[in-house]
Amino acid sequence: MVTVLLIEDDVNARLVTKLHLRNEYNVLEASNGIEALEILEYSKVNLIIADVMMPQMDGYEFVKQFRLVDKVTPILLLTAKNGLQDKKEGFALEIDDYMTKPVHYEELLWRVRALLRRAQINFEKKIIIGELEIDESSNSLRRGKESVTLPKKEFELLYMLLSYPNKVFTTSELLDEIWGYETDSDETTVRTHINRLRKRFDDYSEFKLVTIRGLGYRGEINKQ
């Protein structure tokens, strides 16, 4: 079972958050960063949810100390602060997501699931949708006995869109990430690659690539 470490000094807030998480996850609890680091010495966790304002060691200092030894485990910060500088400080310390209080618990669960899914993709280098396996190590898609190997840019485009399902990427973002900041390619290049992918996988029910007019593109995964 997936284990989540919840770091929160407010007893009532910790209890309520745990109640919303425990149906899907094993939840470990800590009241501050020092206690959390002690727990992490002997417990393996898959995700960390940490408050920022805590006694002895706050959330920022905890993240700083934890990232010295673990660059992979996803961290979501919960805080009453919603200023841009506060968010900047958190992301500079390599957190993965940020939510402001009061917490909307349904949204928290969405974010936790998304973080865990991306962590699995980063670890395994694969996206699995039902019987379809999209393998980054070989630029290929496999479904049963069928296997398709894609040109590098087509694969990178598909993999990026499906790694963040329902997230809209602008054409500029896709060009920068896949073709590089100094590329001479333009939006026509992205559109051409999207169209090729659609033609290749027109009969695949597992996913689709959607054009968001005036914005860019997103990948959608159909539940199997």
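A crossover is called right-handed if, with the strands pointing away from the viewer, the path from the first strand over the helix to the second runs clockwise. Helices (H or I, at least four residues) and strands (E, at least two) are DSSP runs, numbered from the N terminus. The model is predicted, so that local features need pLDDT of at least 70 and side-chain atom pairs count only at pLDDT 80 or more, while totals for chains, interfaces and linings use all residues. Residues are numbered from 1 along each chain as its sequence is written, and side-chain values use heavy atoms, with hydrogens and water left out.

**Exercise 1. The sheet**

Task: Work out in which order the five strands form the open sheet.

Solution: Two strands pair if DSSP finds at least two bridges between them. By this rule the five strands make an open sheet in the order 2-1-3-4-5, with parallel pairing. Strand 2 (26–30) and strand 5 (97–100) are the edge strands, each pairing on one side only. From one strand to the next the twist averages 20°, where angles run from 0 to 180 degrees between N-to-C directions and axes are lines fitted to C-alpha atoms, for helices over the stretch in contact.

**Exercise 2. Strand 3 and its partners**

Task: Trace how strand 3 is joined to strand 1 and to strand 4.

Solution: Start with strand 1 (residues 3–7), which runs parallel to strand 3 (residues 47–51) and is joined to it by four bridges. Along this pair V4 has L47 as its bridge partner, and I7 has A50. Turn next to strand 4, which also runs parallel to strand 3 and is joined to it by four bridges; here A50 has L77 as its bridge partner. Finally, strand 3, helix 3 and strand 4 make a right-handed β-α-β unit.

Task: Decide whether the residues of strand 3 are buried or exposed.

Solution: Buried means under 20% relative accessible area, exposed over 50%, and partly exposed in between (1.4 Å probe, protein chains only). Five of the five residues of strand 3 are buried; L47, I49 and D51 point one way, whereas I48 and A50 point the other way.
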